[in-house]
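Me: I have a new model open and would like to learn how to read it. Could you walk me through it?

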Amino acid sequence: MPWENNNTIEFISLFIALQSLSAQIYLETKQLTCIKQDRILFEDLNVQFRRGDIIQVAGPNGAGKTSLLRILAGLAQPYEGTIEFDQNNINEQLELYRQNLLYLGHLPGVKSELTAQENLEFQLSLHGYGNSDAEALLADVGLLAFEQSLAGQLSAGQNRRIALAQLWQSNAKVWILDEPFTAIDAKGVEAIEQKILEHANNGGCVILTTHQELNLPSNRVSRLELDYRF
Amino acid sequence: MEQGNVLSYFNLFKLVLSRDLKIALRHRDDVLNPLLFFIIIITLFPLGIGPEPQTLAKIAPGIIWVSALLATLLSLDRMFKSDYQDGALEQLLLSPYPSFIWVLAKVIAHWILTGIPLIITAPVLAGMLNLPTESFLATFWTLLLGTPVLSFIGAIGAALTVGLKKGGVLLSLIILPLYIPVLIFATSAIDAASYGLPYGGQLAIIGALLVGALTLTPFAITSALKVSTN
């Protein structure tokens, strides 16, 4: 019957569309090479970071994890190779890429002279979330009642929490998190892990480094191993 | 990509400017240091070369301007340093907005904090050095047009040396030669004014330097910052 055929074709094309949607590549590295102080950190790295991926970049100290994340974020230039966001070189569409990127480095970027709330409001505005409720976000990361405290008077973990509060607001497609769990207590780590999983489930892509074991379903986390090379 | 609240360029400018001013006002010694330095150098000259009014009046323009150069130089180092050290610079570089805007805001904040106090105190110090009253207005105009040039050009050096542990000497070596044109035209304008001659030409040249610095240096500063954070 012709109508049956039509239906089957529709079903198949829908299936293909869903497949390609679930495998949509956000970020792709092509022949990425990084050399620092005459030492090759990684060479010819071809990786695809897809929608819904959680990628843990692992490796010993000095293997080049932070270098890789900084190159992916566009903060550092690779020795060779390119990075593509939505199939286009990031250097040709920096503004668009940055709109879709949240990068939290191993330094939280929190000013000690400003209060927790002022810090968060500034960081959010800088990335286009100017009208979000910073107080509520600070409460989400356990900094209720610390909004008006100067960041310089808060602990290292609390400073990191101020920066991490952006995770509760950001809908950037790609999250790059360098050691997000440093100085965070066990309960906080759990909350951040849940946030990472939620972001991946909502179609985001999370690239992170951490020396801790991730407490996430193992089928969701892929590991990218970098070796220490001499 | 849904963005919460996209800032207009003017609002971004205001945001960064007010943040930098707020930080400086909570960290007052940084603001007072260059000003005190300026006042102390100028008061030392009469002690060193004797209090003859003619001699002092003759060298007053040079003293005021050289002191202003050195006071600015003293304050340059901290323009990007703390942002570099706590990771805030990376966040600024990764914001999707044109770097021109926030670089401009940061340099203008620096000028408000160092240039304007110099402009305000200069007439008092000029009186102390027995500068003829006809030159007071010229001193004011040269400082008003010249000190922003010092901030803009100095920012290039500050951005280039921000990643260095001890960049102070290098900063002076890079920047002081570039300050020479401003120094020559400013002192020549004040000299001309003290003889009752027109000094519009010199002011026009300093004004041209200011327009050039305002429009071109932010690009150089951004590139230098990218190199320093690479």
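Predicted model: local features only at pLDDT ≥ 70, side-chain atom pairs only at ≥ 80, totals over all residues.

Me: How many helices and strands does chain A have?

Reply: Helices (H or I, at least four residues) and strands (E, at least two) are DSSP runs, numbered from the N terminus. Chain A has 7 helices and 10 strands, and its C-alpha atoms fill a box of roughly 75 × 50 × 35 Å along the principal axes.

Me: What share of the residues in chain A is buried?

Reply: Buried means under 20% relative accessible area, exposed over 50%, and partly exposed in between, with a 1.4 Å probe and protein chains only. In chain A, 53% of the 230 residues are buried.

Me: Which parts of chain A cover the buried residues of helix 6?

Reply: Start with the helix itself: helix 6 (residues 156–164) of chain A has 8 of its 9 residues buried, among them A:R161 and A:I162. The cover includes strand 7 (101–104), helix 4 (116–126), helix 5 (134–140), strand 8 (174–178) and helix 7 (186–201) of chain A. A contact here means heavy atoms within 4.5 Å. Among chain A contacts between residues at least 6 apart in sequence, 68% join residues at least 24 apart.

Me: What is the salt-bridge partner of A:R161?

Reply: The general idea is that side chains of opposite charge can pair when their charged atoms come close. The cut-off for a salt bridge is a side-chain nitrogen of Lys or Arg within 4 Å of a carboxyl oxygen of Asp or Glu. A:R161 pairs with A:D185, with the closest N and O atoms 2.9 Å apart. This pair links distant parts of the chain, since A:D185 sits in the loop between strand 8 and helix 7 of chain A, 24 residues from A:R161 in helix 6. A:R161 counts as buried because its relative accessible area is 15%, while A:D185 is partly exposed at 43%.

Me: Where do A:K195 and A:E198 lie?

Reply: An α-helix has 3.6 residues a turn, so residues three or four places apart point the same way. Both A:K195 and A:E198 lie in helix 7 of chain A, 3 residues apart, about one turn of the helix. They form a salt bridge, with the closest N and O atoms 3.3 Å apart. A:K195 is buried at 13%, and A:E198 is partly exposed at 40%.

Me: How many residues of chain A are in contact with chain B?

Reply: The answer is 33 residues of chain A, which touch 33 residues of chain B. Buried area is the accessible area (1.4 Å probe) that two parts lose on being put together, summed over both. For these chains it comes to about 3100 Å², 55% of it on carbon and sulfur atoms. There are 5 salt bridges between the two chains, including B:D83 with A:K111 at 2.5 Å, N to O.

Me: Which residues are linked with A:K111 in a network of salt bridges?

Reply: The network links A:K111, B:R19, B:D20, B:D83, B:D86 and B:K106. Within chain B, the side chains of B:K106 and B:D20 meet at 3.0 Å, N to O. B:K106 is in helix 6 (residues 99–128) and B:D20 in helix 1 (residues 9–25) of chain B, 86 residues apart.

Note on methods: Residues numbered from 1 in each chain as written. Chains lettered and ligands numbered in written order. Heavy atoms only, no water.
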